[in-house]
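Work through the following exercises with the sequence and the model at hand, and try each task before reading its solution.

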Amino acid sequence: MKFIYRFGSHRADGSARMRDILGGKGANLAEMTNIGLPVPPGFTIATTVCRYYLRHQQMPKGLKSEVEQGIRFIEKVVGRGFGDEERPLLVSVRSGAKVSMPGMMDTVLNLGLNEKTVQGLARLSNERFALDSYRRFIQMYAGVVLGAKEAEFEKILKEEREGCGAKSDAELDAATLRRVVSRYLTKAQELTGQEFPQDPWVQLWGAIEAVFESWNTPRAVEYRRLRNIPDTMGTAVNIQAMVFGNLGEDSATGVAFTRNPGTGENRVEGEYLNNAQGEDIVAGIRTPKPLEQLSQEQPGVYKKLLAYFRRLEHHYRDMQDLEFTIEEGRLWILQCRTGERTPRAAVRIACEMAQERLISQKEAVLRIEPKSVAALLHPQIAPDAKYTVLAKGIAASPGAACGRIVLSAARVVELKRQDEKAKIILVRHETSADDVAGMARADGFLTAAGGTTSHAAVVARGMGKPCVVGCADLRIDYDTRKVFIGSKQFSEGDVITINGSEGEVIEGEVKMVAPELSREFLTILSWADRFRRLGVRANADTPEDAAQARSFGAEGIGLCRTEHMFFAPDRIGVMQEMIMAEDEAGRRRALEKLLPMQRDDFYKIFRVMDGFPVTIRTLDPPLHEFLPKSQDETEKMARRLGVSMDYVKAVVERLREDNPMLGFRGCRLGIIHPEITEMQARAIFEAACQAEQDGVRVHPEVMIPLVSDVAEFRLQRAVVERVAEEVFARRGVRVDYLVGTMIEVPRAAILAREIAREADFFSFGTNDLTQMTFGFSRDDADRFLGRYEELGILKQNPFDTLDRAGVGFLVSLGKRLGRQGKRGLKLGICGEHGGDPDSVHFCHEIGLDYVSCSTYRVPGARLAAAHAALQERTRSAGGGKR
Ligand code: PEP
Ligand code: MG
């Protein structure tokens with residue numbers, strides 16, 4: 001077995017296709033070599049070695065000699081020797097898994113320096129630079145490999161800076177650095193209890209092991225857990241000749257994206273620092289300069305850099321994220337990878353790349369992760385909102401968020417555990433990889449330091465959360481837990497708003513609105529619509545929801561929960577009157593009052609949905625849900641209805657159920673009280689006739705909930721048909737309509753053939769179907785489902801993602817039997833799963849006609865449906881390529 005793969009000279013041993021073995025970084029270093037980019041020479045130790053090491057706690061036989069050969073290769077290309085006292089070769093040792101895990105694992109730079117080689121390096125360049133590299137190496141190696149606290153070294157550096165009045169490390173002279181190095185060596189020994197290793201080979205093996213070990217640090221494990229990255233993959237190690245961005249003012253280190261990672265704009269976006277090494281940028285401690293400034297400082301290098309960016313984008317056909325170093329005017333590319341971007345940028349980049357013909361429209365659609373588009377629907381500050389901006393920083397990740405200030409990631413985790421709905425803005429001087437668990441739970445981030453590629457910015461874009469960084473007017477006192485923003489003082493727990501689209505920090509809560517869909521997103525969605533087979537409808541209960549649903553591209557309403565109309569403040573009283581009525585006559589009197597209200601709503605919804613079907617479900621929830629909960633409210637209701645409290649208590653007692661979700665609800669209400677269904681049917685058909693007369697094309701579909709037997713359906717259908725005929729006769733108009741049923745009780749799926757003979761359509765109510773198939777209460781199961789997932793009993797929460805094995809089996813069965821009962825029976829789904837990408841795939845695979853989901857999930861469902869269709873085509877074409 002081959003352990004190492006060389007790159008950086010002529011043809012590399014590997015290529016971009018070998019990510020499994022070389023990791024992302026190694027594969028791209030090989031690929032860049034192969035397309036002629038200037039890459040410092042080096043070699044990659046394969047991921048297989050990491051897996052072996054983690055399993056056996058030792059290196060595989062034969063690795064040693066291969067690594068030695070690798071070092072010989074680098075020595076030959078650069079003309080320096082590893083450990084050579086005259087012309088020392090320094091290397092970097094970096095991790096690089098198949099999937100990028102930025103900042104999660106370890107890196108050691110400037111390896112190969114010791115008391116002797118530092119002098120050789122000084123003679124080759126200059127003493128200041130050599131000592132600067134040495135002190136960096138001691139700190140990094142002691143921290144990463146020997147487990148010392150790096151902050152102890154930072155303390156020494158700060159003291160020395162202050163002692164000589166230097167503002168930044170770049171101003172420290174050689175004499176000071178010599179002192180720093182000597183103090184560092186003493187400190188390293190004190191902290192680790194051993195002499196700092198002087199033998200470069202000992203250093204190298206220590207670093208390789210440390211990189212392997214860093215695969216299993218808690219932060220790396222947490223990062224993988226959040227992103228579903230398998231723990232078994234392991235990391236590669238890249239050992240590469242150092243090139244130096246800290247050789248003086250004509251040297252620099254920088255990072256760049258070939259397009260803007262926040263907005264997607266087709267413009268290079270980057271930053272750099274003169275006389276610095278890569279970690280200085282990522283740490284976000286010094287604020288770097290924008291890349292355009294390089295066009296003035298080193299125009300030749302800048303031009304070359306842009307040409308390389310273009311070449312890489314064309315080669316990889318995607319936006320790239322690069323690290324580069326300029327060593328005394330010579331440009332080196334150290335890394336390239338597909339750039340992380342906000343969902344908004346992903347959309348614009350995919351759309352424009354398709355328009356530039358760099359990728360196909362299909363690829364553009366497939367590049368947008370349906371799950372990520374929820375972030376595009378992040379609230380933004382309302383255009384008419386009035387607010388005062390306390391301070392401005394860099395707009396690092398768009399969208400706005402409002403929440404309480406929290407100063408540590410650990411505290412975010414704790415607060416969210418107490419209250420999942422708490423809104424939190426994590427406010428820090430800068431963030432680091434250790435903060436990721438808290439960041440995953442916070443609603444937005446604000447940092448005082450850092451630029452657009454700082455840790456906070458990159459993580460925020462990856463997570464699709466609003467973020468402002470580099471806010472110079474922000475000061476945090478972690479000891480007193482006070483925050484100073486502009487001229488104001490805040491305490492942890494005070495509420496602020498951040499606007500990640502503009503970089504603003506605002507006091508208190510600000511009015512927000514749902515964002516408009518961008519032109520590029522609408523374009524991508526229109527392409528998606530051409531590829532998908534599944535219809536996409538919305539679950540919408542009000543005319544406003546319906547209008548929003550249309551603007552998101554819903555092709556009708558798949559579920560209008562009529563009871564939601566009864567909860568409005570002006571209606572709940574009438575509903576209560578109906579529930580409290582002594583007899584049918586009393587109920588009818590109340591229903592008469594509800595009729596015009598429902599009719600008005602339905603009319604407006606039909607208008608909005610002109611030409612599209614509207615599925616209206618008859619009353620579903622148990623009646624006690626409409627009654628007041630508190631004593632005070634109950635007394636008010638009794639007074640309003642002119643009944644005694646004893647009477648109210650008696651009704652409440654009569655309605656009380658031990659298992660209300662399995663109780664008097666759904667079609668059972670309409671069967672026991674047909675007058676309720678009658679009123680609802682009347683409201684539907686009167687509204688439909690009126691709309692039809694007003695030129696609207698109406699397609700009402702009346703849906704009966706919670707049916708478990710065809711006889712129930714038959715009874716309810718009869719009521720609906722009778723009322724429809726009455727209304728048509730009275731109005732002198734007819735409208736086409738359907739009467740169908742929800743399939744949400746397991747028995748209905750089993751008896752679907754019989755039900756289908758009498759129903760015009762089925763809509764799978766997978767919320768209740770999941771509840772009843774598992775016997776898990778949909779309102780309370782969260783108490784144990786989290787633990788079930790941890791234990792691996794369930795892979796996902798079955799209320800979020802359809803359980804294919806059980807609930808999915810019943811849906812398939814219902815579909816098959818339903819179509820046996822009636823050929824071409826129309827089939828949809830309207831449980832929450834209709835907006836979940838995995839479940840949408842399932843619905844496509846089994847051949848449903850449409851999915852229906854909450855309004856804000858409609859765009860994601862359109863995309864997911866297109867993905868399902870395109871991936872099916874690829875599979876049936878037998879190809880693996882998109
Ligand atoms: C369902 O049960 O899946 C459904 C859509 O109905 P509801 O959520 O209103 O019970
Ligand atoms: Mg239901």
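**Exercise 1.** Determine how many helices and strands the protein chain has, and what share of its residues is buried.

*Solution.* Counting DSSP runs from the N terminus, with helices (H or I) of at least four residues and strands (E) of at least two, the protein chain comes to 34 helices and 31 strands. Next, taking buried as under 20% relative accessible area, exposed as over 50% and partly exposed as in between (1.4 Å probe, protein chains only), we find that buried residues make up 57% of the 882 residues. This is a predicted model, in which local features need pLDDT of at least 70 and side-chain atom pairs pLDDT 80 or more, while totals for chains, interfaces and linings use all residues. Residues are numbered from 1 along each chain as its sequence is written, and side-chain values use heavy atoms, without hydrogens and water.

**Exercise 2.** Decide whether Ile-506 is buried or exposed, and find which residues Ile-506 is in contact with.

*Solution.* Begin by locating Ile-506 in strand 22, residues 504-507. Its relative accessibility is 0%, and therefore Ile-506 counts as buried. Then, with contact meaning heavy atoms within 4.5 Å, and leaving aside neighbours within four places in sequence, the partners of Ile-506 include Ile-381, Tyr-387, Val-389 and Ile-496.

**Exercise 3.** Find which residues of helix 32 are buried and what covers them.

*Solution.* In helix 32, the buried residues include Val-807, Leu-810, Leu-813 and Leu-817, as well as Gly-808 and Gly-814. The cover over the buried residues of helix 32 includes helix 28 (746-750), strand 29 (761-764) and helix 33 (837-846).

Notes. Chains are lettered from A and ligands numbered from 1 in the order in which they are written.
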